[in-house]
Amino acid sequence: MERTNVLVMRKAKAAVLYGIEDIRIAEFSIPEIQEDDALMRVEACGLCGTDHELFTGHIKATYPMIPGHESVGVIEQIGEKAAERWGVSKGDRVALECWQSCRRCDACAQGIYRRCGVHGQTDLYGMIPTDRIPALYGGYATHHYLSPDSLVLPVPSGLSAVDATLFNPLGAGIKWGVEIPQTKNGDVVAILGPGIRGLCAAFAAREAGAGFIMVTGHGANDHDRLQMAMELGADLVVDVSEESPSRKLREATEGRLADVVVDVTANSPSAFAQAVQLAAVNATIVVAGMKGARGVPDLHTDAIVWKELTIKGALGVDAPVYRQALDILATKRFPFDVLSREEVPLEEAGGLLSRMAGIDKVAAPVHGVIVPS
């Protein structure tokens, strides 16, 4: 009997965002890997606020696309050049940055690869349309293609994939809450927004020796998160829908205002006005939460002048801080159990996004994770 050889093409499964609140499962061919690229089997992908803003249409996107840019997984295939460049091998667990770097332009040479002259700020993993071959450019998938310009970080041994997804928000907390404002021992720090990045900023500020930390939220849905902030190192939490944050801070610190203010609120222009009110003379305000193209109500602009404030916009994080975050996570200094977390398969990604975006009137976890398998 004649034997016929049949070539079976493996497929990857992904949760694809086809439009506003329209996410469906689709399959894609797994690409052949050459000497300069790799394929990662995704074990877990953290859910970022950017993801649910893409889901709701608050951030414009080119559909269809595979969301997810907090990806952790195992190298399944890798070319020789890629292995040498990234210092990883087949079978290694890695974390993947959302930016890509050509490694040749002036910005990349300075380590500012979010300004890469080739990739820029629009060529991010988790935001690339699926019509670009091989389509697998997001973490909401069983497999993720790693281009030659990827930025890959080895995950320390003993750190689980789900816990390792915190490399992104904890890295942001370190960058925005400590590194950019140069938070020092004894500083009063005010963090606006008790989401995962705000909570991580509170932890990072405490690690940096901040003398007093306040975290603000808005409304009953934030009360549980504010309690988590206390467990992560905050000295004071304030619901700004009920109380004046500047008055409460002064009462708690014998009249001092904040040396550092970190605004991680999304789509909340009024928070920036609160940041200016909370800031002490010569303070630094770090603005990391996107506000949309709207004005800021009740902003006292003269106070920026009188107080001689420094205002820094914060776009993304970089590899050195991500490595710090992974090292902290590996030492178990970060209290994982404090955070509420929900892990869902690809098929339930839409429901988790709806909860995180507040569409479904169900309490959302602080840390959402897509686990493809």
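**Exercise 1.** Decide whether Asp 163 is buried or exposed.

*Solution.* Start with the cut-offs: buried means under 20% relative accessible area, exposed over 50%, partly exposed in between (1.4 Å probe, protein chains only). Asp 163 has 14% relative accessibility, so it counts as buried. The model is predicted: local features need pLDDT of at least 70, side-chain atom pairs count only at pLDDT 80 or more, and totals for chains, interfaces and linings use all residues. Residues are numbered from 1 along each chain as its sequence is written, and side-chain values use heavy atoms, with hydrogens and water left out.

**Exercise 2.** Find what surrounds Asp 163.

*Solution.* Take contact as heavy atoms within 4.5 Å. Leave aside neighbours within four places in sequence; Asp 163 then contacts Leu 329, Lys 332, Phe 336 and Arg 341. Next, look at the side chains: Asp 163 and Arg 341 are joined by a polar contact of 2.9 Å. Such a contact is a pair of N or O atoms within 3.5 Å; within protein, one must be able to donate a hydrogen and the other to accept it, and residues adjacent in sequence count only if both atoms are side-chain atoms.

**Exercise 3.** Work out why helix H9 is described as largely enclosed.

*Solution.* Helices are DSSP runs (H or I, at least four residues), as are strands (E, at least two), numbered from the N terminus. H9 covers residues 270-278. Seven of its nine residues are buried, so the rest of the structure largely encloses H9. Among the buried ones are Phe 272, Gln 274 and Leu 278.

**Exercise 4.** Describe how S1 meets S2.

*Solution.* Strands pair if DSSP finds at least two bridges between them. Eight bridges join S1 to S2, and the strands run antiparallel. Ala 14 has Ala 26 in S2 as its bridge partner.
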